[in-house]
Amino acid sequence: MANLLTAIRLLLIVPVTWSLADPLIIQGQMLLLLIFVAIATDYFDGIVARATQTASEKGQLFDHGTDFLFVTSGLGGCAYAGLINPVLPWVIVLAFTQYVLDSYYLHHQRDLRMSFLGRWNGIFYFAPLIIIACSRLGLGRDVSDVLEHLAALVAWILLVSTILSIFDRAIAPMRRPEF
């Protein structure tokens, strides 16, 4: 059941990305609904996996990989539309690659090793998608413009915080354990 919820999010990648890249594909209300369905499936898949005692390392990788694909593709659609800086999706690819390699190969773990900043970045990567969907709700040109500027600003902040997360993860093995 948990993997089914994750699979729903995986299936939403194409229509959400396409709609973010081209506002004529899906109306703002439907786009916002699809994004909230993706967020809800992300929230509940882990809860369901733990409640049904089906949580596994592969399920965690499927969940996090799907999150990565959803937000990176969605942000790529936003970048294609010229709404956010085009560097953010590429830096997220770098950060996720580092996250996977660091967890499995540097720390030799069987599951993914989250960092504090990386976890919060992962949550806030959905913010520009939500803001842009809201800008398409037909609330007037002024409101749309303000929301698009806000999405661009949030994307820049996420770019900086993602770079900081990459740097933090890179230097983490050099830190001395605290006693």
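A salt bridge is taken here as a side-chain nitrogen of Lys or Arg within 4 Å of a carboxyl oxygen of Asp or Glu. The model is predicted, so local features need pLDDT of at least 70 and side-chain atom pairs count only at pLDDT 80 or more, while totals for chains, interfaces and linings use all residues. Residues are numbered from 1 along each chain as its sequence is written, and side-chain values use heavy atoms, with hydrogens and water left out.

**View 1. Salt bridge between Arg169 and Asp102.**
In this pair the closest N and O atoms are 2.5 Å apart.

Arg9 meets Asp63 with the closest N and O atoms 2.5 Å apart; because Arg9 lies in helix 1 and Asp63 in helix 3, the pair ties together parts that are 54 residues apart in sequence. Arg9 is buried, with a relative accessible area of 0%, and Asp63 also counts as buried, at 13% relative accessibility. The side chain of Arg9 forms a further salt bridge with that of Asp67, at 2.8 Å from N to O. This second pair again links distant parts of the chain, with Asp67 in helix 3 and Arg9 in helix 1, 58 residues apart, and both Asp67 and Arg9 are buried.

**View 2. Lining of the largest pocket.**
Rolling a probe the size of a water molecule over the atoms shows where empty space is left. On a 1 Å grid over the protein atoms alone, a cavity is a set of points where a 1.4 Å probe fits but cannot get out, whereas a pocket is an open set with protein on both sides within 12 Å along at least five of seven lines, and lining residues have an atom within 4 Å of a point. The largest pocket has a volume of about 1,100 Å³, the volume being the space filled by probe spheres set on the points, which are joined across faces, edges and corners. Its lining consists of 40 residues, and those nearest the centre are Asp42, Asp63, His64, Asp67 and Arg119. Two or more lining residues come from each of helix 1 (2-21), helix 2 (28-51), helix 3 (57-80), helix 4 (87-106), helix 5 (116-124) and helix 7 (141-171), and helix 2 gives the largest share, 8 residues. By class, the lining has 18 nonpolar, 15 polar and 7 charged residues, with Ala, Val, Leu, Ile, Met, Phe, Trp, Tyr, Cys and Pro counted as nonpolar, Asp, Glu, Lys and Arg as charged, and the others, Gly among them, as polar.

**View 3. Aromatic pairs, including Tyr43 with Phe44 and Phe96 with Tyr99.**
Rings of Phe, Tyr and Trp (its six-membered ring) pair if their centres lie within 6.5 Å, and planes under 30 degrees apart count as stacked, over 60 as edge-to-face and the rest as tilted. By this rule the count comes to 5 aromatic pairs. The rings of Tyr43 and Phe44 have centres 4.9 Å apart and planes at 85 degrees, so this pair is edge-to-face; Tyr43 is exposed, with a relative accessible area of 54%, and Phe44 counts as partly exposed at 42%. The pair of Phe96 and Tyr99 is edge-to-face too, because the centres are 5.8 Å apart and the planes stand at 65 degrees. Both of these residues lie in helix 4, 3 residues apart, about one turn of the helix, and both count as buried, Phe96 at 17% relative accessibility and Tyr99 at 10%. Together with Phe68, Phe96 and Tyr99 form one aromatic cluster.

**View 4. Lys58 in helix 3.**
Lys58 counts as exposed, at 73% relative accessibility. Its C-alpha atom and that of Ala79, 21 residues apart along the chain, are separated by 31 Å.

Definitions and conventions:
Helices (H or I, at least four residues) and strands (E, at least two) are DSSP runs, numbered from the N terminus. Buried means under 20% relative accessible area, exposed over 50%, partly exposed in between (1.4 Å probe, protein chains only).
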